[in-house]
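Take a look at the model below. This report walks through its chains, helices and backbone.

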Amino acid sequence: MLEFLWLIPALPFAGSLVLAFAGRRLSRGGIAAFGVGSVGLSCITAFAVAAGFIGQAPPGHFYVQRLWAWLSVGGFTPEISLYLDALSLVMMLVVTFVGFLIHLYSSEFMIEEEGYGRFFAYMNLFVGSMLTLVLADNLLLLYLGWEGVGLCSYLLIGFWYKDPANGLAARKAFVVTRVGDTAMSIGLFLLFTNLGTLQIQELMRLATERWAVGSGLAVAAAALLLGGALGKSAQLPLQTWLPDAMAGPSPVSALIHAATMVTAGVYLIARTHVIFSLAPVVQEAVAVIGALTLLLAGFSALTQTDIKRVLAYSTISQIGYMFLALGVGAWSAAIFHFMTHAFFKALLFLGAGIVINALHDEHNMFKMGGLRSQVPVTFWTFLVGASSLSALPFVTAGFYSKDLILFETWASPAGSRWLWAAGLLGAFLTSLYTFRMVFVTFYGDAKMQVSRKPGAIMTVPVVILAVLSVLAGFLELPSSLGNVRIITSFLGSALPSETVSPGAAGAGTALMIVASAVSLAGIFAAYLLFFKKNLAADRLAGFVPGRMLHRLWFSGWGFDWLYDLLFVRPFFWFARSNKDDFSDLVYLGMIWLTGRFNNMLSVSQNGKVRFYAAGIAFGAVVVIAIAVFL
Amino acid sequence: MILLWLIVIPLAGGAIAWYAGRFRTAWPRWISLITMLLMSWVSVNIWILHYASLKEMDLHGPWILEVRLSWIPQLGAGFHLGADGLSLIFVLLTAFLGLAAVASSWTEIRERVGFFYLNLLWILAGIIGVFLAIDLFLFYFFWELMLVPMYFLIALWGHENRRYAAFKFFIFTQAGGLLMLISILGLYFVHGKAAGDYSFDYPVLLGTSMSTGTEFWLMLGFFVAFAVKLPVVPVHNWLPDAHTEAPTAGSVVLAGLLLKTGAYGLIRFVVPLFPRASAEFAPAAMILAVIGIIYGAVTAFGQSDLKRLVAYTSVSHMGFVLLGVFVWSELALQGALMQIVCHGLATGALFIIVGALQERIHTRDMGRMSGLWEAAPRMAAAALFFALASLGLPGLGNFVGEFLVLLGAYKTSVAITVVAAAGIVGATVYSLWIVQRVFHGPNEQKWKIPDFSVREMAIMLAMMLSLIWLGIYPQPVFNTSKLAISNLKMIAAPGATTEDIRPAPETEKRLADKSISKTTPSKNLPSPLAKEGQITFLWQREDRRDFIIAYDLLSKSLGGLR
């Protein structure tokens, strides 16, 4: 089965090509058949390949499929080849399966859109690129997928191109991530120049051989790769693009800006974990950045009014958890959280999409309300997703994955109490903002009439994701609750297992109880503030410092303002003021000078005989003087 | 002799097109198209025929094809053409873009069609000559030959401000060209005095020993001429004007080919002829390259004239080429070459789109464009594609070029690589700005324009497929130029002698014979002299109208000085 691996990215690419060239000639049904079908087939192939891989594991627990030699210049010989191991397998399954569900959902969600074919062409291109990223055997091919998903993100954020605001959001996303990508490409130059290859496994081997722990090159390489990861995964300080990216259609937010693309940074770090292990400084930075990001984004999510922006900040925050896990060396925990997050966050975005669609494209939660009875299936599935996001103890997937991260942060030698405390505070914020969203949107009085109810094609994916948001957690249970280790043991062949400092191992149960309590406390606080309408929140926000804090959080801590001031404005100012290219002045000056000179000389040609006579006389005197005196 | 045909075909085709233009305006178009198809066929044939031998390392001497005719023996100037893998790539690019240029001006040019195609094809002939000439005297001859028809192309068929632009173009390149002439003569005398053998022949002049000071100044003369063409900031100022004012075909040829003659000159002449001086000058050149990359990108973003914006992107992209040439490693050189080819395709295509747009809405002002996606989705999708190529999206050829240049440059200087890489962010900003400003947003002006026709879509598709091909399997290009580049690197390496690069007569003859017997259909070919006679004959009968116009224009422009 493994030899069909190439089909998995190839099918969506093919679908995208067909839709790009024949999309205008196909009916909506035809477009949906190609668009959804290609990803569906890819998903089936992925499961078949996975079955083959798990059923009869290839030697060394990896499988390489060489397609063709990309180029071969001066010792630089990247190939187009795919690499399948436990890590890429998990990523591949999530991408194709969640991708398929979202495509299915979109086929109904987008049905009235003008650019139906264009939408699916971009979506298929995205899935193909994402799979290329995940399955790439070398960093150059990974970079191809990396830029490909960035492109699709740009195209889909700006899908409704007639509104310039969407275009701005799309360009912002592309440019900000490109800043990170440029750092990453410099990292690639560094790796190739010093290690002579970009083939990932070879790189990992050579890096351990040649670089000492903490050596300058290892630190530089890890820092540059981290730059790319920060951009793509919207972490500090490159997180500003993601909230604006919500300008795209909801399925896009679900697929690209929640489930898959934004976690590419997590994948990159996990994939190149050897280099990060060689650079403890950078790995520590990953943990700190993760902790800071999850807090900052959590606070910002508390103040948003746009339902999708709440979810966007929540995504930034949850990826912060994954970074935190990576930073403390809990590689598998990060991937586990990636998986559960893909399920419940995709579910929440799809649910939000239904709600927004039902209420004439209203994004403001405070204009919604009372939707519980009007779209019951959506409500219940949304509630499941929200519970999973809030890590509702024992019954949700989010609980188990987040608990694992918090435990590792506490117990790992690379972790610390401070990071754990940050994660815990983040957990409180998470359940607070999540249930704020639930109560405001679905409870209270109905303020608007529902105009459009989701059909079966939209409901089925949401229900499947809701089921997964619960069940996926049982793949990995802590030692006190049955000690199931399906994910970590499976990933063990690709990622080093977590190390737990002695003495901390026993703290698991106590930590779990604390985390559960915090999660429930958050939900309870939300219940008091937004269901019971206790006026404390309003009063708090009413004070001057409260108001300022609210504004600061609402604007995402003023990063946009800062970057605008530091980069955007000076760039605009320079570009605008140099429109006429000041270097041209040199040449205009030369023209002017020539003209002057010409004028000066033309004065001498004035047609006056006495002037000429004087000139002749003067000249003669000069010539004679020279002849006499020299 | 096949190389001679590459020059004669466009010259003759142009002359015939001009003559035929007197009878029907459609004829010159078809004749030019056929000429360029023939050109493409011949050059692709040469490529296919020699592809295998290009990869072999045991080929004696650098030239796969050579023509050596006696020209002015008294001066030591010969009609010496030679092609290696490097020039072959440039010739192929010329044929391909020439075809695109002919096809893209199909409906745009409605006046003096015959004379237009005469100029267009003669520019192409001059460019091919530049890429093939390996006698410096002949090289200079072709260098000047391509300028004059280009001047007419801009000045006669250009837009509002065409006189100024054409004149600026001419003066800039001419000033550079004259400096090169001085350097050529300097080199000629230095070599003649030392060896007693006065010759303009490139293989003979290679490895001429001279004092460091002399070498530096002679190198600088060549460098300035090529830097003006490339262009390098701060001598790029002719470019935005010339590109903007030229008709579409003119812009395509300017961006796609004329700039590349500068790059070709740097690779072929500057570094190999003056290796020590070039090595000494390299840091300065690389800094100029990086300045060009950043300055071009920022200035491009500030433009409101769409065509001018695209013109400035060339300044930025050519910075990568300059960087690659002066890093002078295999990675960087191959990258520069790939950048040359892909920039020619992507920017050429963007100019065709801008030209098509101007033909439809009669403006280049981006302030008046918006929301054209709705009106012309095919055109918009094509523009998006080439904008993405221009910003260096992996999977398309431009990425391969830029990546290899930077990868090579990293070994030489990390700082320069980092700044140059930042230029890629700049490229993202201006490329997306084009798409946003022109095609996205609301259709405020209620433009209703015809979408791309089959002809236009065929040009676009050919260019798209080429870029995708070069993006995911560029190896054929690298294989073609590999041997030529390693030859040049060997020449420029310290301690190389001229013996290394002189062709063995046997091989040369064998290869030349082989190619002729396979690629030329007829044995009974008229000699170039007969062709000349024909032209004279035509000249006597021709009503000379076009030349009177041209002469009139020239004298007016010169009069404009006062």
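## Where the chains meet

In this predicted model, 39 residues of chain A are in contact with 44 residues of chain B. Two residues are in contact if their C-beta atoms, placed from the backbone, lie within 7 Å. Several elements of chain A each supply at least two residues of the side that touches chain B, including strand E1 (62–69), helix H5 (139–157) and helix H24 (559–577). The largest share, 13 residues, comes from H6(A). By class, this side of chain A has 20 nonpolar, eleven polar and eight charged residues. Ala, Val, Leu, Ile, Met, Phe, Trp, Tyr, Cys and Pro count as nonpolar, Asp, Glu, Lys and Arg as charged, and the others, Gly among them, as polar.

Residues are numbered from 1 along each chain as its sequence is written, while chains are lettered from A and ligands numbered from 1 in the order in which they are written. The model is predicted: local features need pLDDT of at least 70, side-chain atom pairs count only at pLDDT 80 or more, and totals for chains, interfaces and linings use all residues.

## Chain A as a whole

Chain A has 26 helices and two strands. Helices (H or I, at least four residues) and strands (E, at least two) are DSSP runs, numbered from the N terminus. The C-alpha atoms of chain A fill a box of roughly 120 × 60 × 55 Å, taken along the principal axes. Of the 630 residues in chain A, 55% are buried. A residue is buried if 20 or more other C-beta atoms lie within 10 Å of its own, exposed if 12 or fewer, and partly exposed in between.

## Two packed helices

In chain B, the axes of helix H1 (residues 2–20) and helix H4 (residues 113–132) come within 7 Å and cross at roughly 170°. Axes are lines fitted to C-alpha atoms, for helices over the stretch in contact, and angles run from 0 to 180 degrees between N-to-C directions.

## Covered helices

Helix H10 (residues 238–245) of chain B has eight of its eight residues buried, so it is largely enclosed by the rest of the structure. Its cover includes helix H7 (162–195) and helix H11 (248–273) of chain B.

H14(B) is mostly covered too, with 28 of its 32 residues buried. At 1.5 Å a residue, H14(B) should span 46 Å, and its end C-alpha atoms are 46 Å apart, which agrees. The expected span is 1.5 Å times one less than the number of residues.

## Backbone exceptions

Most residues other than glycine have a negative phi, and most peptide bonds are trans. B:His362 is not a glycine, yet has a positive phi of about 55°. With 8 C-beta neighbours inside 10 Å, B:His362 counts as exposed. B:Arg112 also has a positive phi, about 50°. Is B:Arg112 buried or exposed? B:Arg112 is buried, with 20 other C-beta atoms within 10 Å.

A cis bond joins A:Leu236 and A:Pro237, with omega about -5°. A:Pro237 sits in the loop between helix H8 (216–232) and helix H9 (241–244) of chain A. The bond from B:Val233 to B:Pro234 is cis, with omega near 15°.
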